[in-house]
Amino acid sequence: MAVISNTTTIIDAGAISPATAGSMNLIKSITASSSGTITFTHGDNGVIFDGTYDVYVFKFINLHPQNENVDFHFQVDTGTNSNFNQPIVSGATIPYHNEADNASGLDYGTDMSQVGTAFQGLLDNASPTGNDSNGGGSLTFYSPSSDTFVKLFAAQMFGQGHGDYFAAYKTSGYVNTATALTKVRFKYAGGNIDSGEIKLYGVKG
Amino acid sequence: MAIISNATTIADAGSFSVDIGDLVHIKTLTASSSANLTFLHGSSSVVLDGTYPIYKFEFINLHAATDNKDLLVKFRDGGTNYDATCTTTMHSSRTKESDDDAAIGYEGSQDEAQSTGGVKLSVGMGTGNDECTSGEMWLFSPSSTTYAKHFLSHFPVIHHAEYLYNWYKGGYANVTAAIDGVQFIMSSGNIDAGKIKLYGLKDS
């Protein structure tokens, strides 16, 4: 039996409707298993990435690369395009500290900043392949379906960098297009995503 | 009476039996050539008291009416004025669209020391048709009558000089009175368009 109020379905099939549940709603979780790429495309496999929500948040959990010393990065595309080469302007700051306790600092993330169409870095030279090494964090997109404004994003990632460093990666920027985004692709610069999860949430309100 | 759907108990005994999330949407304000966007506890369904220990504001595509102006936040600590004394730090990273300048740095001219005139959150906004700022601000325990009130924010912005700027600010309202209102304004001119959403983060 469904519970319907004022023509809105509140509860049905043993669950609260996502439209009426909490403000941060899980849309899709994808688990890597020696995956070359992970792509969230609006309309595919239950993925929502349009004007349904104003804010979308990706969460990265225990990302583990197949290869050592590679960047983890993303690109986006519009409509049915699949070249993943949209223009991006970005900047990054990276506080870091190594396990040997003889190096620390705050750097401008030159390798993670761009004016171009390359995949946008989220983890720089990150995540050695030790069994306990991993990276994680979150990436927020603001109004990716806008057909007026550029698409601002902000990421806060963390992980063990190549050479037994801990680093926090604060990367933000914008996709310099007024066309709605429809898909987001994640991958390492070399080799597969050995394991880990990427979860997409929509923030309503 | 319990609510049971498909053999799953959804609600019973006055509470939900299933997870409905801990981030609770409270209020959305949409700018339309607005001089300010103000969240005041008890007004227009706004909750900003001890109901939640942490509050989060989301800013979506704020567009300024006047070029090269700043988004500011002001706090109300009793009375009717939004003039709580604040001390902050601010740093930034920047990248120019022409790709010939990039840097990080402490922004000594953008921080505040015991200021009552507002706290800069996003600085130097451009007003091109596709230019805007988005971001978030967290406000911790605004209803405390013991401690100062901490806040953290992060805003990427398309700067009027064709830069991407990332503005990181942390600070506190240096008052022990409860904060019951938060107001967002531009340093000059209106907030032309955009949304600000207020959420409460429930205790576990």
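Student: How many salt bridges does the rule find across the interface of chain A and chain B?

Tutor: The rule finds two between these chains. This is a predicted model, in which local features need pLDDT of at least 70 and side-chain atom pairs count only at pLDDT 80 or more, while totals for chains, interfaces and linings use all residues. Side-chain values use heavy atoms, without hydrogens and water; residues are numbered from 1 along each chain as its sequence is written, and chains are lettered from A and ligands numbered from 1 in the order in which they are written.

Student: Why is the meeting of Lys195(B) and Asp54(A) called a salt bridge?

Tutor: The term requires a side-chain nitrogen of Lys or Arg within 4 Å of a carboxyl oxygen of Asp or Glu. The closest N and O atoms of Lys195(B) and Asp54(A) are 2.9 Å apart, so the pair meets the definition. Lys195(B) lies in strand S15 (residues 191-201) of chain B, and Asp54(A) in the loop between strand S5 (38-41) and strand S6 (55-65) of chain A. Over all chains, the whole structure has eight salt bridges.

Student: How many residues does each chain give to the contact?

Tutor: Chain A gives 43 residues and chain B gives 45, where contact means heavy atoms within 4.5 Å.

Student: What is the area buried between chain A and chain B?

Tutor: About 3300 Å², with 64% from carbon and sulfur atoms. Buried area is the accessible area (1.4 Å probe) that two parts lose on being put together, summed over both. In chain A, Tyr108(A), Tyr142(A) and Phe149(A) lose the most area to chain B, together 19% of what that side buries.

Student: How many residue pairs are in polar contact across this interface?

Tutor: There are 13, with both residues at pLDDT 80 or more. A polar contact is a pair of N or O atoms within 3.5 Å; within protein, one must be able to donate a hydrogen and the other to accept it, and residues adjacent in sequence count only if both atoms are side-chain atoms. Among the elements giving two or more residues to chain A's side are strand S8 (88-98) and strand S9 (104-108) of chain A.

Student: How do you know that S8(A) and S9(A) pair?

Tutor: Two strands pair if DSSP finds at least two bridges between them. Five bridges join S8(A) to S9(A), so the pair qualifies; the strands run antiparallel. Strands themselves are DSSP runs (E, at least two residues), numbered from the N terminus, and helices are runs of H or I with at least four. Ile94(A) stands opposite Asp107(A) in S9(A). The two strands form a hairpin with five residues between them, and Asp101(A) in the turn has a positive phi of about 65°.

Student: What is the strand order of the open sheet of eight strands in chain B?

Tutor: The order is S4-S15-S6-S11-S12-S13-S8-S9, with antiparallel pairing. Strand S4 (23-34) and strand S9 (102-106) of chain B are its edge strands.
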